[in-house]
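Q: Please take the labels on this structure one by one. For each, give the rule, set the value against it and conclude.

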Amino acid sequence: MGMRTMQRTALALAVIVFTPACYSTSSLLGDTSADSTTDFTDATTDMAVDPGTDEAVDPETDMGPDAGPDVGTEVVPGCHEPNPPPDGPNPFFEIDGESSTGHDNIEMQCIIESVVEGDDNSYIVHLTGVYYGEAHTIYVRSDVPLMLHAIPGEQVDLWAKWNDVWWNPHRWFVLRYTDGPLIMAGGVGRELLPDHDDPPLDPMEIEVFEEECDFEHDECGTFARWAIRVKLHGETRDFLDRTFGSVGSTESAQVLVGESYRYHYDMECDDMPDRRIDWLVFMVPEG
């Protein structure tokens, strides 16, 4: 799988640097997003694990390199291939175009100034500060079409947290309408989120679990693939490593999972994290 090489390539994610608050007067109507009726369900239909057969892994438990597979663990052959090939959706995000190391926490209110759709499955959301008028941007991209629904002129809450070293990213962000629905969220790091309840992702619930696949081997050791289980309005669906799809029949969520794994007891590389979960979620309104 070449995890070491892929990992170094994937670490070019951005870090988020700005100060609280935001205000804007622009109102460029720009739902330049993909048609909300687009059906992404088939993208992972044949690859989803039955939620009733996988016990979710608690991100708070010890899942580091010393936690090897249980004695007698049965591994299931015939696991999925990346969709789309060869590497999956490759979700990516950055805030303000920054790329550096460090740590910080952001909680701020902004107005959506404009939403610009690129021709490479990307969006740039331009924000201005409610209090000081400073400009900020959120850039998202993937190797599959994105379904971003963000309305210019609306007030939003932006939450972000990061704590990076060059080889081990820990970054998360959430954008939602002020006192309203979730717009999008994402993360990359050793945990799905830094805290189970902060920031809130309601009405969606997500958790990480280890797929029922054969353990794999590369130059760094033995690893297992990770996946995300998403619950939305009573529906549950699993999204496997390097796949994408949607869950929900009215309001829905588009879910993209990038390179996600956990190394076991024999990891030999010290220049990459022992585990990683990489994801983006976009809410798609009803109608």
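A: The link of Cys220 and Cys269 is left-handed, with -90 degrees about the S-S bond. This is a predicted model: local features need pLDDT of at least 70 and side-chain atom pairs count only at pLDDT 80 or more, while totals for chains, interfaces and linings use all residues. Residues are numbered from 1 along each chain as its sequence is written, and side-chain values use heavy atoms, leaving out hydrogens and water.

Q: Why is the link of Cys220 and Cys269 called a disulfide?
A: The rule asks for a pair of cysteine sulfur atoms within 2.5 Å. In Cys220 and Cys269 the sulfur atoms are 1.9 Å apart, so the pair qualifies. By this rule the count is one disulfide. Cys220 sits in the loop between strand S9 (216-218) and S10, and Cys269 in the loop between S14 and strand S15 (275-284). The two are 49 residues apart, so the link joins distant parts of the chain. Strands (E, at least two residues) and helices (H or I, at least four) are DSSP runs, numbered from the N terminus.

Q: Are Cys220 and Cys269 buried or exposed?
A: Buried means under 20% relative accessible area, exposed over 50%, and partly exposed in between (1.4 Å probe, protein chains only). Cys220 has 0%, so it is buried. Cys269 has 12% and therefore also counts as buried.

Q: What makes the rings of Phe93 and Phe173 an aromatic pair, and which kind is it?
A: Rings of Phe, Tyr and Trp (its six-membered ring) pair if their centres lie within 6.5 Å; planes under 30 degrees apart are stacked, over 60 edge-to-face, and the rest tilted. A search of the whole structure finds four such pairs. Phe93 and Phe173 are 4.8 Å centre to centre, with 45 degrees between the planes, so they form a tilted pair. Phe93 is in strand S1 (residues 92-95) and Phe173 in strand S6 (residues 171-177), 80 residues apart. Phe93 counts as buried because its relative accessibility is 2%. Phe173 has a relative accessible area of 0%, so it is buried too.

Q: Why is the charged end of Arg141 said to sit over a ring?
A: The test is NZ of Lys or CZ of Arg within 6 Å of the ring centre and within 35 degrees of the ring normal. The charged end of Arg141 is 4.6 Å from the centre of the Phe92 ring and sits over it. Arg229 does likewise over the ring of Phe209, at 4.3 Å from the centre.

Q: What makes strand S13 (residues 252-257) largely enclosed?
A: Six of its six residues are buried, so the rest of the structure largely encloses S13. Ser252, Gln254 and Leu256 cover one side; Ala253, Val255 and Val257 the other, and all are buried. In a regular strand the side chains alternate between the two faces of the sheet.

Q: How do you know that strand S12 (residues 243-247) and S13 pair?
A: Two strands pair if DSSP finds at least two bridges between them. S12 and S13 share five bridges, so they pair, in the antiparallel sense.

Q: Why is Val140 called buried?
A: Its relative accessible area is 0%, so Val140 is buried. Val140 lies in strand S4 (residues 135-141). Leaving aside neighbours within four places in sequence, its contacts (heavy atoms within 4.5 Å) include Phe92, Phe93, Phe173 and Met184.
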